[in-house]
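Thank you all for coming, and please have a look at the structure on the screen while I talk. I will go slowly, one chain at a time.

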Amino acid sequence: MYKIIFFLSVPFLALLYEGVLRKINARFQNRIGPPVLQPFYDVLKLFSKKKMKSQNDPFFKYSPILYFISLYALFLFIPFSIVSFEHDFIFVLYLTILASAFYVLAGLSSDNPFGIIGSAREMILMIIYEITLVITVFSFVMKAGVISFGDFNSRLLILTLPISSLGLFVTSMIEVHVTPFDTTEAPTEIMGGSRTEYSGTNLAFMNMSMSLKRLFFALLLPMLFFGKDIITLLPLSILFLFLYTLSQATTSRYRVDQVFKVYSIIMFLVLVEFILVMWGVRWV
Amino acid sequence: MISVKEKIEKFRDQRLIAIVCIHENNFYLNYFFDDSGKINSVIIDVPKDKKVESIVDRYPNADYFEREIHDFFGVEFEGNPNLHLKLFLPDNWEGKPPLLKDEENA
Amino acid sequence: MHDYTIPIGPLHPTLKEPMCIRIGLEGSVIKQANIRMGYTHKGIEKILEGKNPDSALYISQRICGICSAAHENAYTRTVEGILGFEAGEKVKLLRAMMMELERMHSHLLWLGIIAHEIGYETLFMYFWREREKILDVFEKIAGGRVHHNFNKIKTVRYDLEHDDKRFILKRIEDVRKSIYPYISEIKDDNVIKARLKGVGVIDNVDARRFCLIGPNSRASGVSSDIRKIDPPYGIYDEFEFDEIVLDKGDSFERTLVRLKEVLESVKILKQILDKMPETKIPNFTFTTVPDDDGIGRVEAPRGELFYFLKFKDNKIVRAKIRTPTFGFLKILEKILIDQRIGDVPVLVASLDPCFSCLERIMVVKDGKTETLNEKDFRRRYVCTR
């Protein structure tokens, strides 16, 4: 029963986490920062704005809401398996890639040069981070010896799979757009990337979807690294949120080609560990 | 065409500071050069409706000075490829160049 | 020829002031760059015509918010050069103090901006926190944080009070202690080096050909400090300071030059405050200037600021202000070619353009009366394009 309550409260939890993140970021920068409930006020304000349709494209009108729905559906599997079936981790990976695809479509359909460049960057980065995401999640699931997230019970896999843990953490940093890897939405270069042309309700959905993505990774990573214990999950998710904020506040941004160079090493190592895990599964 | 390059030949290796245009019946162009602290200047008289040789190939930053003088005083510089792209004025500007003195005050 | 053109500006997060750079892109590499200026014309050169020397000083102080003291000092240097007047020791020291304080605050502002361009918001906030201390000093001495109204022809307006010296010394020592560790921090930070090193290289030959000035030229190996070669008021000969000249000419070196110049300014300020005598400043009298023209220049934070003034009947007849940004902006068109679009903010910001100073000529109506139709009125008076 508490699972249903959790599922319904996911957007509020995501916005609350966003508020805490902004407050911590401000404290790092020696400022006071907005109140913790600020994202709620932002979303309410955006919902109350007049509808502006700058394109007649159906993708332009509906991509943000589809982005939001595909991310929301992820919470049926993580962290509490409200729905569970065989090989559902493949479905989860599919949903994350689908969400990124809707983000890219949102930018491309907006016909704004900044949106096109933002989506182009996201597509370039997707080539590398999606592969690593798939490989690392496969490593974890195979090491745990299960075929669905519902049966996932192993604890402290971070100790047995250190390289995959690091790879998954860096991948999540690219996905949630924190520096040093937030090239997709560099506001000083491309004004907001895929979100540039949106306003009103659609912009609210784009922003909320990014918060949902942050919450998703903040819950997925502790679950895979430390185990599915309800009591430790929430504090650990706050710890990961803090780590994202720490990275955002203390580093600057890489260019796209530099992200490639830094990331290719991680991709290679993650692949090596995946092959080791596959050998281990077969012979142990 | 009024030639400029031979008059500034002796300042060849110095830094061009500015080109100043003064309008008193005719135009007077002052070219200022800097020689490690000492300022040298050359004044060139430009009667009305005469063109002036451009020094853009020797000093690339003279491009902006010449375009500014063309926009605001109407002096034509020959040899400057960007002269008719307006620098400060709007593209559809029709009217006298703004900084010209009126006939009675010149 | 190229895939598409995107405009950077006139309104863009990377630009602090409006200008339009139209960039022709091929993939993610820039193939063509076209700069368009003129979005915030004011009216300075035309407004200055017809003003007497004392009133024109007020206008020249307000040309730019960041380099206000540099403009007013260039103006007074020009006018006092025409008059053949040399100010007293105390007046000269006070003016030099304001110029050095302004150099510190302008470089700290720029350092925050370059940090913001590469995504490092925290560093931006930290640099501007140090800048607040300099603005406190301005407020204590002159009453204003941005425009100081400090100079008058032949004298200055405010004197230091008895506890001002201690106040200033404490503040600049705080700034020095906070900024000094940043030199080694920035040299060690891998991400900053990856973004700034090798970006926008201007070599020595280009720097001389394009007549660069200021910290941009010093980072490329061309020394051009007006404080050394043509000291304003002759006062800088008495101070010991280094001119920071580096050799590679990329954005990283431009950052280092400005960072180190902040520390050099602290050195000069301590020498100024040591030498400051306890005499009174002379009273203000109205100025009468002979019918002549003259030039004067100072080292503004961005380079050499050059004034040309021509007087007749004690009124200005022609004023030409050549700001440092106008002198070096041409090279932006050259260094943008063959760079990636991710480097554009760093390239534009690393040259430190100041468009307030740059655009001062506006359309003003002619001396004759003429009836303006609505089109003309809108174009001239309601908004600039």
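What follows is a walk through the chains and the places where they touch.

Before anything else, please keep in mind that this is a predicted model, and I will describe it as such throughout.

Let me begin with the way the chains are arranged. There are two pairs of chains in contact, and of these it is chains B and C that share the most contacts. Chain A and chain B, on the other hand, do not touch, and their nearest C-alpha atoms are 24 Å apart.

Now to chain C, which contains 16 helices and eight strands. If you draw a box along the principal axes around its C-alpha atoms, that box comes to roughly 65 × 60 × 35 Å. A compact globule of 385 residues would have a radius of gyration near 21 Å, and because chain C has 22 Å, the value agrees with that expectation. Of the 385 residues in chain C, 47% are buried. When we take the contacts in chain C between residues at least 6 apart in sequence, we find that 70% of them join residues at least 24 apart.

Let us turn to the place where chain C meets chain A, at which 24 residues of chain C are in contact with 22 residues of chain A. On the chain C side, the elements that give two or more residues are strand S1 (4–8), helix H4 (89–117), helix H5 (121–142), helix H7 (190–196) and helix H14 (344–350). It is H5(C) that gives the most, with five residues. Sorted by class, this side of chain C holds 13 nonpolar, six polar and five charged residues.

In chain A I would like to pick out one helix, H5, which covers residues 88–108.

Chain B brings us to a sheet, an open one in which three strands lie in the order S1-S2-S3 with antiparallel pairing. Strand S1 (15–24) and strand S3 (38–46) of chain B stand at the edges with a single partner strand each, so one side of each has no neighbour in the sheet. On average, and ignoring direction, neighbouring strands here are turned by 20° against each other. S1(B) pairs with strand S2 (residues 26–35) of chain B over nine bridges, in the antiparallel sense, and Glu24(B) stands opposite Asn26(B) in S2(B). Helix H1 (residues 62–73) of chain B packs on this sheet, where it touches S1 and S2 of chain B, and its direction makes about 10° with that of S1(B).

Which elements of chain B, then, supply at least two residues each to the side that touches chain C? Here 24 residues of chain B are in contact with 29 residues of chain C, and the elements in question are S1 and H1 of chain B. S1(B) gives the most to this side, with six residues. By class, this side of chain B has 16 nonpolar, four polar and four charged residues.

Definitions and conventions:
Residues are numbered from 1 along each chain as its sequence is written. Chains are lettered from A and ligands numbered from 1 in the order in which they are written. This is a predicted model: local features need pLDDT of at least 70, side-chain atom pairs count only at pLDDT 80 or more; totals for chains, interfaces and linings use all residues. Helices (H or I, at least four residues) and strands (E, at least two) are DSSP runs, numbered from the N terminus. The radius of gyration is taken over C-alpha atoms; the globule rule is 2.2 Å times the number of residues to the power 0.38. A residue is buried if 20 or more other C-beta atoms lie within 10 Å of its own, exposed if 12 or fewer, and partly exposed in between; C-beta atoms are placed from the backbone. Two residues are in contact if their C-beta atoms, placed from the backbone, lie within 7 Å. Ala, Val, Leu, Ile, Met, Phe, Trp, Tyr, Cys and Pro count as nonpolar, Asp, Glu, Lys and Arg as charged, and the others, Gly among them, as polar. The expected span of a helix is 1.5 Å times one less than its number of residues. Two strands pair if DSSP finds at least two bridges between them. Axes are lines fitted to C-alpha atoms, for helices over the stretch in contact, and angles run from 0 to 180 degrees between N-to-C directions.
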